[in-house]
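I opened this notebook to record what I looked up in the structure. My entries begin with domains and then turn to the interface.

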Amino acid sequence: MSLCFSADKLKEVQQIIARYPEGRQKSALLPVLHLAQQEFGGWLSTEVMDYVAGLLQLQPIEVYEVATFYSMYNLKPVGKHLLEVCQTGPCMLNGSEGIVAYIYERLGIRPGETTTDGLFTLKTVECLGACGYAPMLQHGKYYREHLTREKIDELIASCSAQPVSASH
Amino acid sequence: MGRKLLLEKAHVAGITTYEVYRREGGYRSVEKALKSMSPDQVTEEVKKSGLRGRGGAGFPTGMKWGFLAKPEGVPRYLVVNADESEPGTFKDRYLMEFIPHLLLEGMITSSYALGSNRSYIYIRGEYVWVAEILEKAIDEARANGWLGKNILGSGFDCDIYVHRGAGAYICGEETALLESLEGKRGNPRIKPPFPAVKGLWGCPTVVNNVETVAAVVPIINDGGEEYAKIGIGKSTGTKLISACGNINKPGVYEIDMTISVEEFIYSDEYCGGIPAGKKLKACIPGGSSVPILPANLLLKTAKGETRMMTYESLADGGFASGSMMGSGGFIVLDDSQCVVRHTYSLARFYRHESCGQCSPCREGTGWMEKILWNIETGKGKLSDIDLLWDIQRKIEGNTICPLGDAAAWPVAAAIRHFRDEFEWHVLHPDEAQQRNYGLMHYADPIHVPQPVMA
């Protein structure tokens, strides 16, 4: 297996496992998958999932069934910057559809698509718990709230200027 | 100005740090409990307080604690539900972000009462930075002797761990949450056994909402009886309300449960009214799952009484003419909003979030979404409205967990109270693409104090 966490990350995996009682390392699966996604290019390939299974002494199927259940795990490659626009009720009341449309106008991508330069992926997601600060999107680790066209412009400009790896 | 018990100090500069939190009187409840009370005495105070679960169900917390099985030699667990995913709800995030030590303090005191030596915060995966705030606060609490072995020389050991979910509304349901914490898909379990008997890793477990656990702090500091003096009837203490939608001042408000819905929406202390001169059309007062009410039934009950921001008053009239306090996710719709489109958006949400275990929910949520989309886009039939009603009835009560009910109720209430708006969409498909139905009669005063029969 060519794939491997760095020594630092392996230490982090051990710390995660230690949060749970002995013999319960399966509980570490969600956090370790987050870590794996962050380390291995922003998505979970079969190879990555198999590697995680080995680390936690699980059958690969136990990892696949979890990875396919939760919406934060990307099972296909995504762009360096993942823009996840909330579209549920309260965000819709405050214009989330306009935000999706404006991102299309600016970047030419619809939900589920990635720009040809691989820099941006647009996704629509369901309620992220920021309803009072709508419309909003998640960009990597952070929420961008009270969105306007100007804020989208700024976000796109800053991402284009300083590409960083997509993180979750 | 209402009394604040949880957020009173949330904006003191530096309150996220241990030093400032402690200086402001933090961790006193832990001292009091561990040094002068038995675990059962702590539980007794919580029972006396009348505190009800703040996650949505409103079940009495002290009673829930009382159900915890205590077999010899088996660990017990406290798990805090910070999965906050009910559309309209963002209060727990606010509490954890601004005053994280309050949650930890409540957790240590509660863990002592329950005998949990290892307690978990299950936080929704998207709140990455909030998890980091909590982890920093946990490190500080541990460094200052509030976590670890033999806390305050009491012989009580406790540690707290943060566990991030990965995007699944269903994990807010307590048994799905436990499955997820065990590293599995978030499929709810069949109850019984209840978590109080067989919960995390098969051990007795209490799952409580963030706000519920935080409320233990003032309850222990001031006593359960003092806490119970605030509010009306069985709605004791304060409640965090996250207000959103078409209001001037969206945000998180701590209310003591003595104010009216009208005051909450229009007073400058709270939501500050409806923006841009528009009018109140409808409101979902307790998170997207609870019934939507038109303005007239929201502000007054069917009996013509002023509706208050309490568990009982919001539920007055049952589902025929009332709603629920739920999680406190208060969503306001003005007269430019379309109830059909909004209901469609919620139906899409529930279809997306159904775990797929039970056929009525898995199939029914998708079916409702498609029908609502047809009506919204001018391709609906009048019979579709009855079909929607029929589907939601067949979901409700027929699933392992309450997600089925949560998906059925918004559709049922929308049809019950806004049927003419649905019919208008069907009968005027072209016009419905150009404009919305508007306020119509939804804010008209109610003259006949008689509940509308479903």
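The entries below follow the order in which I looked things up.

Entry 1, the model. I note at the outset that this is a predicted model.

I looked up the domain assignment of chain A and found domain 1 at 7-69 and domain 2 at 81-161. I then took the centres of domain 1 and domain 2 of chain A over C-alpha atoms, and they are 29 Å apart.

I asked how many residues each chain brings to the contact. Chain A contributes 41 residues and chain B contributes 58 residues. The buried area between the two chains comes to about 4000 Å², with 57% given by carbon and sulfur atoms. On the chain B side, I noted that Ala166(B), Arg185(B) and Trp201(B) supply 16% of the area buried against chain A, more than any other three residues.

I recorded five salt bridges across the interface of chain B and chain A. I looked up Arg93(B) with Glu145(A), a salt bridge whose closest N and O atoms lie 2.8 Å apart. The interface also has 26 residue pairs in polar contact.

Which element gives the most to the side of chain B that touches chain A? I found α15(B), with eight residues. Elements that each supply at least two residues to this side include α5 (91-98), α7 (128-143) and β11 (329-334) of chain B. By class, I counted 27 nonpolar, 17 polar and 14 charged residues on the side of chain B that touches chain A.

Technical notes:
Residues numbered from 1 in each chain as written. Chains lettered and ligands numbered in written order. Predicted model: local features only at pLDDT ≥ 70, side-chain atom pairs only at ≥ 80, totals over all residues. Heavy atoms only, no water. Domains from an automatic or database assignment. Contact = heavy atoms within 4.5 Å. Buried area = accessible area lost by both parts, 1.4 Å probe. Salt bridge = Lys/Arg side-chain N within 4 Å of Asp/Glu carboxyl O. Polar contact = N/O pair within 3.5 Å; in protein donor to acceptor, adjacent residues only side chain to side chain. Helix = DSSP H or I, 4+ residues; strand = E, 2+ residues; numbered from the N terminus. Nonpolar A, V, L, I, M, F, W, Y, C, P; charged D, E, K, R; others polar.
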